[in-house]
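Colleague: I have a structure to look at and have not seen it before. Can you walk me through some of it?

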Amino acid sequence: MKRTGIAVITAAAALALAQPSAAIAATGSGWTAPTCNRVVGDGAVTFTTDGGASLAGTTGTLKPISYTHGLVALGAPGTLLATRNNELQRSTDAGCSWTHAATLGSETTRLTAGSGTRAFAWEPNGGYLARVDGTTVTPLTSPVASVIGVGTDPADPNHVRLAGGDGRLYDSRNAGVTWSTTGTPAFPAGTGVYSVSFDPANPDHVVAGAMIRGGAVTTDGGATWTASTGLTSGASANLFATAVSPANPSFVYGIGVDLAEAVPGSGNEGRHLYRSTDGGRTFAKVLDDTAEHKLTNSTLLAPSPSDANVLHFEYGTYFMGYGTDLFRLDTATGALTKTHNAFDGVSAIAFNPASPSVMYLGVEEVGTPG
């Protein structure tokens, strides 16, 4: 199936992003846009104000092999955290300079923002878990061997939820010191669960993606789960990853495969971007995998914090020195814009809380193959 009505614009021109809402501005109270045009650091993080048409230069050149998997803007004004391989880096000037904060216990650490200067560091499909408070990293004992998602509670800085590879949620009321199971698993026993994403405004709203069974959503913290529909024209689908829009939690984006279409010679192999407008209960295909906008099982999804209809995603590879395409899809109009940069990939995206047109990019450098 070829998606119609999508215009791909390869542009060096700036992208006109929606203005931040009052809610976004309040969340980013005390924040300002970066005042620099060059980032002091090792090159792991840069930023763009025009959707990737131009990137801020960095004083250091990122050395291979480097992956910046974790990147979050915190509630504390001007404060961001990033993880490059097993290093935690910190900025307190809205991303203009970065310094070493700590060495972590995993090379593939992701970050989930908490309140103030707090965040949680975790290893996807692994057991590493830690709490970050300022520059202090406190190792935590994970209740499961395989973590696939972490969510925090804006109303309670000590309340954190964790999703295990079994599709079950685990709850902590003391900032991760102790854990208890909550609710029931998202899928029947034995299901391969790919990911679990949390609504950043409400840890009771969670969307899970699985092998063959597609998706499931809960709005009561895992007490009950509802199977997602619309992912397949047949009986089964793989839903690899989802992201709940911070602008409107009714909007959920996903990357997956309609297994009814995944047959030899199908072209896109059934791979699609999906969108839900009812919190993850019902999905619809909004973009197919094509040569112009390549989708993968691990496509990074970054919903705009100021416009629920807008999704940013990327495709990057070191192979043949290709570099990285950054896309902006407006699902309300069907407009798709692409910019390109020379990095081997973008592993993480965060937004300035007060100026959402400022996108922070966690980049990667793999080096020459072989």
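Modeller: Let's start with arginine 131, which counts as buried because its relative accessibility is 13%, and buried means under 20%. Keep in mind that this is a predicted model.

Colleague: Which residue does arginine 131 form a salt bridge with?

Modeller: Aspartate 133 is the partner, and the closest N and O atoms are 3.0 Å apart.

Colleague: Is aspartate 133 buried or partly exposed?

Modeller: Aspartate 133 counts as partly exposed, because its relative accessibility is 25%.

Colleague: How many salt bridges does the count come to?

Modeller: The count comes to 13 salt bridges. One of them joins the side chains of lysine 285 and glutamate 261, at 2.8 Å from N to O. That pair links distant parts of the chain, 24 residues apart. Lysine 285 sits in strand 24 (residues 283-288), while glutamate 261 is in the loop between strand 22 (252-258) and strand 23 (271-276).

Colleague: Are lysine 285 and glutamate 261 buried or exposed?

Modeller: Lysine 285 and glutamate 261 are both buried.

Colleague: And which residues do salt bridges with shared partners join into one network?

Modeller: Asp156, Arg161, Asp171, Arg173 and Asp204 are joined that way.

Colleague: Moving on to glutamate 87. Where is it found?

Modeller: Glutamate 87 is in strand 7, which covers residues 87-91. With a relative accessibility of 14%, glutamate 87 counts as buried.

Colleague: What does glutamate 87 form a salt bridge with?

Modeller: Arginine 84, with 3.3 Å between the closest N and O atoms. Arginine 84 is buried, as is glutamate 87.

Colleague: Which side chain does the side chain of glutamate 87 make a polar contact with?

Modeller: That of histidine 100, at 2.8 Å. If you leave aside neighbours within four places in sequence, glutamate 87 is in contact with Asp42, Ala82, His100 and Ala102.

Colleague: Over how many bridges do strand 29 and strand 30 pair?

Modeller: Strand 29 pairs with strand 30 (residues 359-364) over 6 bridges, in the antiparallel sense.

Colleague: What stands opposite phenylalanine 351?

Modeller: Methionine 359, in strand 30.

Notes. Residues are numbered from 1 along each chain as its sequence is written. This is a predicted model: local features need pLDDT of at least 70, side-chain atom pairs count only at pLDDT 80 or more; totals for chains, interfaces and linings use all residues. Side-chain values use heavy atoms; hydrogens and water are left out. Two strands pair if DSSP finds at least two bridges between them. Helices (H or I, at least four residues) and strands (E, at least two) are DSSP runs, numbered from the N terminus. A salt bridge is a side-chain nitrogen of Lys or Arg within 4 Å of a carboxyl oxygen of Asp or Glu. Buried means under 20% relative accessible area, exposed over 50%, partly exposed in between (1.4 Å probe, protein chains only). A polar contact is a pair of N or O atoms within 3.5 Å; within protein, one must be able to donate a hydrogen and the other to accept it, and residues adjacent in sequence count only if both atoms are side-chain atoms. Contact means heavy atoms within 4.5 Å.
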